[in-house]
Structures are given as C-alpha cells and as structure tokens.
There are 2 protein chains.
Amino acid sequence: MTKETLLEQGKTAKESAYILGQMSAVQKNEILKALAKALKDRSGYIIECNGRDVAAAREKGAANAFIDRLGLNQDRIEDMAKGLLDLVDLKDPVGEVEAGWKGAKDIEINKVRVPLGVVGIIYEARPNVTADAAGICLKTGNSVLLRGSSDALESNRAIVHVLREAGERAGMPAGAIQLVEDTSREAASAMMRMNQYLDVLIPRGGAGLIRSVLENATVPVIETGTGNCHIYVDAVADLQMACDIIINAKTQRTGVCNAAETLLVHREAAEAFLPLAGRALMDKGVQLRGCPETCRWIPDILEATETDYETEFLDLILAVKVVDSLEEAIEHINRYGTKHSEAIVTNNYANAQRFTAQVDAAAVYVNASTRFTDGGQFGFGAEMGISTQKLHARGPMGLKEMTTIKYIIRGNGQVRG
Amino acid sequence: MTKETLLEQGKTAKESAYILGQMSAVQKNEILKALAKALKDRSGYIIECNGRDVAAAREKGAANAFIDRLGLNQDRIEDMAKGLLDLVDLKDPVGEVEAGWKGAKDIEINKVRVPLGVVGIIYEARPNVTADAAGICLKTGNSVLLRGSSDALESNRAIVHVLREAGERAGMPAGAIQLVEDTSREAASAMMRMNQYLDVLIPRGGAGLIRSVLENATVPVIETGTGNCHIYVDAVADLQMACDIIINAKTQRTGVCNAAETLLVHREAAEAFLPLAGRALMDKGVQLRGCPETCRWIPDILEATETDYETEFLDLILAVKVVDSLEEAIEHINRYGTKHSEAIVTNNYANAQRFTAQVDAAAVYVNASTRFTDGGQFGFGAEMGISTQKLHARGPMGLKEMTTIKYIIRGNGQVRG
C-alpha cells in the first residue's frame, strides 16, 4: 500500500518534472513569489500545526537542541519566505550553454544545463528544510519528493499543503512538490530503490542516515554533511590567529558539519600555543582530549583515544594532538578526516602550498576558519547541503549542482563514415 | 584470501593516487610515452599471451564477434600505443582553476580540478580497454584497478605487466596501474563495496553487468553504455536524409551503444518513407519488426512486440513504429529509451526545438546520426565510456570527467561572525 502510494508519487513527480523542465525562469520566479507570500499569509496555520509536533517532542522528553531545531515561530517562517524570495534573484542555471563547438563533420554540439528531474530528499526534524529544498528544486526545474522525519510530520504537512496550494494557483504542476507522509523505514528503503522515478537522492542528516542510504540505495546518491574537520597549527604560525581560528571553528556553532573536531599542533609550536589555546578553549566550555604530549602542556585534561580522532563530536569537545611534521598532520587528516573541510594556520608559504595540494577534502583552508564551508559564505545564495563525495558535486551545493547537462547536436544530414 | 589481496591492492592504489595527484603534466606525459614505447617493443610477448586467450575462447566455441574483440595483432597494439601517445597532446585538466572569487570577509576561493583518486573499472573481454583505461587514468592523475574478464586474463596480465614495468622505470608509482587477477564474481562484488579505497567504479559492458553493479555497489558508480536509441522521422522531413541517417545509425556498426534500435515515423510520412527505408534497410540485411501500420507499408516483416521496443538489439534488427504525432514520438522515447542518444529528422523548426527540449537523453540530435555520440567524434581526444546517468558525467566521458574539484580557500585569519 505504502509502496503503491510512493510509486504513484514518483510517477506524478516525473510527469511534473517534464513540465517544470520547460518552464521559463520568469514563470518559476512567479511561483516562488507566490510560495513565499503563502508561507507568510498562512504562518498562523503552520505555527499551529508545528505546535503539535513540538508538544509531542516535549512529551517524549526530547532534548532542548532538538526542540529548538523543530520549533517554528513567526520569525522563522519569515526567514523561510525570505529564503524563497532570495532564490528569485539568483540566475537560473537551466538553459545555460556551458560550451559549444563543432564536432566531426561539423555537427554543432551544444552542452546545455538541464534539470536533474526528480530529486528525493530524506531529512531529519527540521521543518525549514522542507521549504528550502522545495524552493531550490523548483528554481532549478526539478520535482522533489520530501521525506522528513515523523517528529516533524504535522509541520511538514502544513508547509507542503500551503506551498502546493499557492504553487498550483500560480501554475506549478501538481506533482512538483510532494511530501512522503509515510515516515517508516520501509518507505525510506523503497525510496532508495525507486530508480525508475528518482534521478537523485540526497540524504541530509546524521552519519547513521547517510550510511544507511549509501548501503541500501540503488538510486544515485549525493552524500552530504559528515564533517570530521581539523585545524592544523604549523611550526611557524601567528598563534593569536591560530587561537581565534580554532575558537571560531570549534565553538561558534558546535552542531554543524564544518565545525572543527580535532586540533593538530606542530611540536615546535606546542609549548607556546597549547597553554594559550587550551585556556581560551576551556574558557568557552570546551572539553579537551589530548595526546600525551598535549597533556604535558595542558595538564588535567582527558587523554585522547583512537576513537576520539575518528569522532565527529558535534559538541563542545575537541581532540588535540601534537605532530612531528607537516607530513604527519596531512597523513592524520587524510586518514581520519571525512573529506569535508580542513585548515592549516601557517606563515610558511611552501607548507601552505603543500597542505592545500595534499589534503584530500572538499574545502582546504589556509589561515581561515573551516566554518566558511557554506553556500551562503561562498556566495552561492542558496545551498542544498554540503557534498562530501567526489562525484557530481563537492562542497557546498548551489543551484548549478542541482542540474545536469544535455548535449544538443544540430546537423544537416551528417552520418558517421 | 582474495579479499585480502584486493584490499591490499586498493591500499596501494590509494597511496599511489596521492603521489600521482601531485605529478606535473610533464612527468605524466613522459610516463605515457614510455608506456606507448613499451607496448610496441613488447608486442610479440603480448600477442603470444593473447594467443592463449584466443585459443581457449576458440576451444570453448566462442562466437566470431567475441574472438574478434578479444584478439590482438601488431596493428591493434600499434593502435593501443597510439592511443597513449594521443593522450600526451591533450591538455591536463588537473590543476585547472574552474573559477575563483572572493567569498564572505574576502576569503579567496579557488575551485580547482583534482583527480578523483582511485578508479575501478569492471569490463569485458576487450584487452584494448586495459591500455586505454590505464592511460586515461594516468593522464588524469588517478590510480586504476582493472578488473577484466577471465577470457582475457592472459592478455590483460601481459599488458599490465609491460605497462607497469615501463611505467615504474619512468617514475610511475607502483600501485598506479593494477590488474585484479581474481575474475570471480566474489572479487567483483568485493570491489563494488570497497568504499575505503575506491573513489568511483565504472562498469563497461553489457546490460547485465551494469545492472549487477548498480544493484550491489556501495562505491559511487558511473553507469555507462546501454543505448536503446531512436530515430524519429517527422511529418515534414527530407526523406532521403532520413533514410541515410537510419541506415548509418542502424548498420554502420551494430554492436555499439549509439546504434539505433527503433525507428519512429510520423503517420504523414509513413507512406512515402517506409517503403523507401524498408527496402534500403533490408538490402543491408536488417530484419525489421513493425507495428501493424508499418506492416501495411512494408509487407512480409515480423510484427513488433512490446519487448522489441524495450530491447537494445545490438544486431541487424530494427523495431519500427508509426506514430500519430511528435508528442507520441517523444513519449515513446522517454518511456522506452535509455537516455543515451536520440534523433529527429525534420524540416520543421518548431518541432526540432521541441524535440531537443523535451527528449530526456544525454545526446539529442536534429538531422544527424546517433552514431556521433562518441568522445572521438565530439573532439574529446579520449573517452572512458559513455555515461547514461545524470550525476557527474553525462554522455561521452573525456579527461575532465575523470576529475573532481577541490575548493582551496586562502585567508589572513578570517573567522565566521
């Protein structure tokens, strides 16, 4: 039954994708404006429905951080609406001719950007993702199947209801934005194997969700968001700058994928840097877990285990390790990192060059915080997540990453000889 | 045991990939020249080893076409060597700055092309693929794990032995080119799940192989090469041109993915076109399978079944269907096609525009043969296969498609506020 409903949704999504793919940027922008207006007009209804989710989460004894992510209020709905309006001003990548040239026998080859088709998104209890993802998909001419968490079902239903109603009135095909209301594991699994209708599946959430999708999906996947990020402080570095960067990368926001989880320090900088950084970090409430050498310079902290170096804490916890060389730092990062964001703090030009060349990650920084790995900070104007895979998209995914290309070849009777 | 060997190969490949990724274009080109020379110098040895594969295939009663693809001679080895030398002249995509701009707080963002890392290739009994794939991977700074078919094992061993020996003398890391000698299904399955070492897996072969990889792989996959391609002859078209195109697309080479498998003809063109095309196709030995309307105009042919429309014949067989409209043709193609290459023959400008916009395929043609979907014909100079998926690469994959990007961000102490 569930599977039938899902397949029916997939089919409708595909049909709508063919219509969306032909829509002009102007048409899509008019729909986006209508969606933004509807969110604001119907904010009372959405907040009311969201209230039921929040109450249920409270009753289950959910953590405050969880309830904070789940909850909606007037401001947050205004933000969601603003997110949709911001999309209006961005350039539509669909139709862009990436390149054009003459091939064999002078066939005219154009490489043109087109929508992916139907995008599936599996995500956790953050209702703002529902509107954001729907908006980005619409802007790029893709249909979207949104499969949120059961904890946010009432909120997601309300948002999608409001968006669809307003969208359809503005000319949006009915299947363009759909919520998968079945939040069972089975429905998620069925989605992961719906190759006939889904062109790509984007899981947005914790490591467990991502792993499950990678393990089970036959649909092409864009892996997002796990970030075991490092800050490496080189032998010759501006130590105050290094201190500011690690404080920012660790504490500005802890629950995010571009936050730092391990600090690596060159042996020659350890004596001067570690007491300074240790004090500053502990003042911010960070629990440190150090290698034996670290513990020499910052007494009374926990000793780090192998597991600590592997862990994305997403919390006020930081593993710290003293290394003998730049090479050891790079090896550590390439071994334990998740290929997300990595930074060196150095005044040595050659070391900066070497670090950026040899560290294998989506974003490699010299003398800046890893927290900048973000579509907004990069200037993309919108972001669908941060890809940690190498195929298709790497790093923050903007509008262009939600498209693919098509070769259009025009001839006058050419055949291959 | 097998799995251990394979993991060891994966580990060595990964280590070599880090070295290859740092090599200059000049260094890689010197190695390519050494590989080409070695293939020619050792052609006698390679042909001798290949002879054992060919003899075994003959003994098993393999088809002539199979033996033709398997067999090597002096000319074919010269071609393989030339393929490697051709790569020397192509621009190295590694290191190319795709874009660069200033992000938040003036961080300097560069989007730079880098190798994928370790590429796995699972392919059938075509020993030339061994040298081609090794060369393309080397040129783009990737290590490669080659898993060919058991039927070509002696040939592949010889080729890889010669390439590695010459390569290492020229400075190539030892794990850059490796053959997976275990040709069991288990080894293939293990490769498909070797996420810790393989960055991408490219299956090159028949529909069964591709399906198995899609079904079982957890490693990111680039799907290649199944092509159920159509030629649609519109109501108003140059019928002689249409005839030339279908003859070329169907018969110039039958066993390839960009050959046509179904001919669609607008009802208004049927009477004039079908007898003409039918005669020409049958003269070339093509067996036609038509819809009832087709059979009216070309008597004495088989009636087409639903299965015929779904089949990639890869043979001198063509399904033929009369359609009532351009829309019906587009719907048929989007339903039965494999999103590879599709062509319209028309003199109607609006129909040409509509066909290219609405047909969902890697390459969409107006008035030219689908046989042009090929890296060589497109002018890429080298080709790793033809992607029929939408993520990462679509259509012929050249050197650029064998790379990914990395964001390199340079700052002077920026932290996120």
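1. In this predicted model, 56 residues of chain A are in contact with 56 residues of chain B, two residues being in contact if their C-beta atoms, placed from the backbone, lie within 7 Å. The side of chain A that touches chain B draws at least two residues from each of H9, helix H10 (239-251), helix H15 (349-358), strand E13 (363-368), helix H16 (375-378) and strand E16 (403-414) of chain A, and the largest share, eleven residues, comes from E16(A). Helices (H or I, at least four residues) and strands (E, at least two) are DSSP runs, numbered from the N terminus.

2. On conventions, residues are numbered from 1 along each chain as its sequence is written, while chains are lettered from A and ligands numbered from 1 in the order in which they are written. As the model is predicted, local features need pLDDT of at least 70 and side-chain atom pairs count only at pLDDT 80 or more, whereas totals for chains, interfaces and linings use all residues.

3. The same surface serves both copies, since 100% of the contact residues of chain A recur in chain B.

4. Chain A contains 16 helices and 16 strands, and is divided into domain 1 (2-222 + 397-410) and domain 2 (229-376), with bounds that come from an automatic or database domain assignment. The C-alpha centres of the two domains lie 35 Å apart. Along its principal axes the C-alpha trace of chain A spans about 70 × 70 × 35 Å.

5. Of the 417 residues of chain A, 55% count as buried, a residue being buried if 20 or more other C-beta atoms lie within 10 Å of its own, exposed if 12 or fewer, and partly exposed in between, with C-beta atoms placed from the backbone.

6. Which residues of helix H8 (185-192) of chain A are buried? They are Ala188(A), Met191(A) and Met192(A), and seen down the axis of H8(A) they fall within an arc of 100°, so they line one face of the helix; the arc is that of the directions from the helix axis to the C-beta atoms. Their cover includes helix H1 (2-20), strand E3 (118-123), strand E4 (143-147), strand E6 (200-204) and helix H9 (207-216) of chain A.

7. Pro396(A), in strand E15 (residues 395-396) of chain A, counts as buried because it has 26 C-beta neighbours inside 10 Å. Although Pro396(A) and Gly375(A) are 21 residues apart in sequence, they are 5.1 Å apart in space, C-alpha to C-alpha.
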